[in-house]
Amino acid sequence: MAKTSVSTLLKMKQAKQKIVALTAYDASFAKLFHDAGVEIILVGDSLGMVLQGGDDTLAVTIADIAYHTRCVRAGSKELFVIADMPFMTYSNPAAACENAATLMRAGANMVKLEGGEWLYDSIRLLTQQGIPVCGHLGLTPQSVHVFGGFKIQGRDDAQAERMIADAKALEAAGAQLLVVECIPSSLAKRISEAVSIPVIGIGAGKETDGQILVMHDLVGISAGYIPKFSKNFLAETGNMPAAVKKYCDDVKSGAFPGPEHEFN
Ligand code: KIV
Ligand code: NA
């Protein structure tokens, strides 16, 4: 059993202790991150971009995520591992269950799905059958072609109210964790207050219950540029374990993300 669990994460939110999450795709980095104090490892479908070199995450398959989940799990039995459900692998509740089962068998502790209230039935069914779910709102990269690019979401009032309603619907369906990506900090704060499950932010300011980054962004080797919401922790520390330790310390203390990393 992983050292961290859905109950420890919930207690951390209640105690206002920041949760530290990071993506990883293999055993060596997963172990290093866990040893440095990272509480959640996400096997993100961002691997379609940072590992496979794609322009977006749409080409990633369940087999890809299952493979990398097995690799990450091999890094430590104690890790709390979330595995991403790829594009079009949860378009109905039955498909969601079958595909999520593959990821749980590969060693995941939880699966993550992108989307709002329309996922209600799938999340209900998954949790009823013993599969913990993490929601994902805001800039959900699998919808990049609907958004017309990787753009900040939730900027107008109607969008913001919709997102708060979606967060409540995901929680009501049984989701036990929520990721919010690239939204104004004020909205991320409202969402974190509106639900009792922990909310993990990326490009969502410092008021969420925790933070997550794509590991490549943290060490400054993202394709082409460092996103505004990220920071190169390797530059100021000089080695990988120290960089990850600094990221953990800065999230815990509230030093990261700073005002320069947020959207308003
Ligand atoms: O795929 C991923 O790495 C993610 C995080 C950015 C939240 O979904
Ligand atoms: Na993802």
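Modeller: For "binding site", the UniProt record, an unreviewed entry, lists Asp45, Asp84 and Glu114; such positions are given in the numbering used here, feature names are shortened, and annotations may be inferred rather than shown by experiment. Although spread over 70 residues of sequence, these positions cluster in space, with a largest C-alpha distance of 11.0 Å. This is a predicted model: local features need pLDDT of at least 70, side-chain atom pairs count only at pLDDT 80 or more, and totals for chains, interfaces and linings use all residues. Residues are numbered from 1 along each chain as its sequence is written, while chains are lettered from A and ligands numbered from 1 in the order in which they are written.

Asp84 belongs to strand β3 (residues 81-84); strands (E, at least two residues) and helices (H or I, at least four) are DSSP runs, numbered from the N terminus. Val81 and Ala83 point one way from β3, Ile82 and Asp84 the other, and all are buried, that is, with 20 or more other C-beta atoms, placed from the backbone, within 10 Å of their own. In a regular strand the side chains alternate between the two faces of the sheet.

Strand β2 (residues 40-43) runs parallel to β3, joined by 3 bridges; pairing requires at least two DSSP bridges. Asp45 is found in the loop between β2 and α3 (47-50). Asp45 counts as buried because it has 29 C-beta neighbours inside 10 Å. Among the residues that Asp45 touches is Asp84, a contact being C-beta atoms, placed from the backbone, within 7 Å.

Glu114 is found in the loop between β4 and α6 (120-128).

Note on methods:
Buried ≥ 20, exposed ≤ 12 C-beta atoms within 10 Å, placed from the backbone. Contact = placed C-beta atoms within 7 Å. Lists of a residue's contacts leave out its neighbours within four places in sequence.
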